Amino acid sequence: MQALPGFREFFPDDCARRNYILETWRAVARRYGFVEYDGPVVESLELYEKKSGGELVGQMFTVGAMAEPGEIKGALRPEMTPTLARMVAARARDFKKPMKWFSMPACYRHERQQRGRLREFYQLNVDIIGEESSAADAELLAVCVDTMREFGFGAGDFVVRISSRAAWQQFFAGAGGKPEDEHELFQIVDKAERAGAEKTHAALEKFGISAEQVLAFMRGREPTPDLAPVVADLQARGLGDFIEVDYAIVRGLAYYTGVVFELFDRAKKERALAGGGRYDRLLALMSDGKVDMPALGFGMGDVVLANLIADTPAAAARRDEWCAAQHACDTYVVIAKEELRPQALALVQRLRDAGQRVDYALTAAKVGKQFQAAEHLGARQAILIGDEWPQVKVKTLATREERLVDAVAL
Ligand code: HAM
């Protein structure tokens, strides 16, 4: 039997590469002063139908058999933002603002499988709650850029394309669009790059907005007033080369309100690596107006990221170095005289207590076989317990150097 298509299994090598991504995400988020939180894997289906909107609604894995019969329908989380908004709305007063929170949930979407898109993926979520100034947008973009830099990518490898839903709203209003059509208009712009001019033209017809106007606005590269301070802030940090103003970005999800962005590989070979922006009204929506706080954040998935790491030599070398350091064992205790096994076990225990990764043969084996096992596990040294006891031979495996030491001194 095989795993279901689109769901993941991680053999040890895959698991090391996955952990490399998760650990790097965590390290960078913490470097920026974000604290980690988590939420449930299953939420009510209604939460996503009401708050996520867009394509996600048709991509939900629903959970039929909930504990209480006849009640709420559950869904595996396709994203983290509605959960975060629900949690924050419930205890908003308990935390100092701005809140800087991150999480690395596994998420589930019933998508058509393709390169970079699976049905199960990990997603770094970095969010700032309770800060309306554009300094927060810039700080968020800086974490996003630095996360990529930490993996060994440079400005030639990726770019964050930033845009503004507020600017688009103004544009739609000026072009005669109605506020209630905004969501549909955003969906059309979101798809315009992939759909092409003709389809976009047809989709816009009923709104009385000309496709030429939309495409012209989309191609604009001058930052609108809400983007200008964000761009200036990032330039001041020396991160200007990693971002580009690009109004073709509007984001598919319903809740975004202001600055929005997506991160792509420069070669444009892959789907988006990350996406996010401001969602200033989601908390009020979640709490029926009781908690009204500005918020912003982004999600970065591990699937496209892993592809890009594999295809970028500098990034792949960094990953491999990290994974090699995760070898199973530092010290292998070789038991050359089986009657000394109790003493060997005591030594193994003592070294493990001291924090070393230690392994040994569970059953009697030839000395040569035990050394082979040590090499195979990537051990730095072997300790041979044999005729010299209570002295032991310590052998550095890379150089083959040996020295005799008192076992008690180890
Ligand atoms: P999103 O654009 O739907 O945003 O997803 C963000 C990232 O998650 C994508 O750029 C991609 O890397 C990854 N991703 C999404 N779907 C899949 C999939 N089926 N397979 C692999 N990777 C995938 C959100 O989810 C927002 N909640 C992000 C956010 C956080 N906004 C504010 N805070």
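This is a predicted model: local features need pLDDT of at least 70, side-chain atom pairs count only at pLDDT 80 or more; totals for chains, interfaces and linings use all residues.
Trainee: How many salt bridges does the count come to?

Mentor: The count comes to 28 salt bridges. Start with R237 and E139. Their closest N and O atoms are 3.1 Å apart.

Trainee: Where do R237 and E139 lie?

Mentor: R237 sits in the loop between helix 9 (228-236) and strand 9 (243-245), while E139 belongs to helix 4 (residues 134-150), so their pairing ties together parts 98 residues apart in sequence. E139 is buried, at 19% relative accessible area. R237 is partly exposed, at 33%.

Trainee: Which residues are linked with E139 and R237 in a network of salt bridges?

Mentor: K100 and D233 are linked with them in that network.

Trainee: What about D146 and R149, where do they lie?

Mentor: Both are in helix 4, three residues apart, which is about one turn of the helix. D146 is buried, with 13% relative accessibility. R149 is partly exposed, with 39%.

Trainee: Which residue does K393 meet in a salt bridge?

Mentor: K393 meets E388, at 3.9 Å from N to O. That distance falls within the 4 Å cut-off, so the pair counts as a salt bridge. K393 is partly exposed, at 28% relative accessibility. E388 is partly exposed too, with a relative accessible area of 28%.

Note on methods: Residues are numbered from 1 along each chain as its sequence is written. Side-chain values use heavy atoms; hydrogens and water are left out. A salt bridge is a side-chain nitrogen of Lys or Arg within 4 Å of a carboxyl oxygen of Asp or Glu. Helices (H or I, at least four residues) and strands (E, at least two) are DSSP runs, numbered from the N terminus. Buried means under 20% relative accessible area, exposed over 50%, partly exposed in between (1.4 Å probe, protein chains only).
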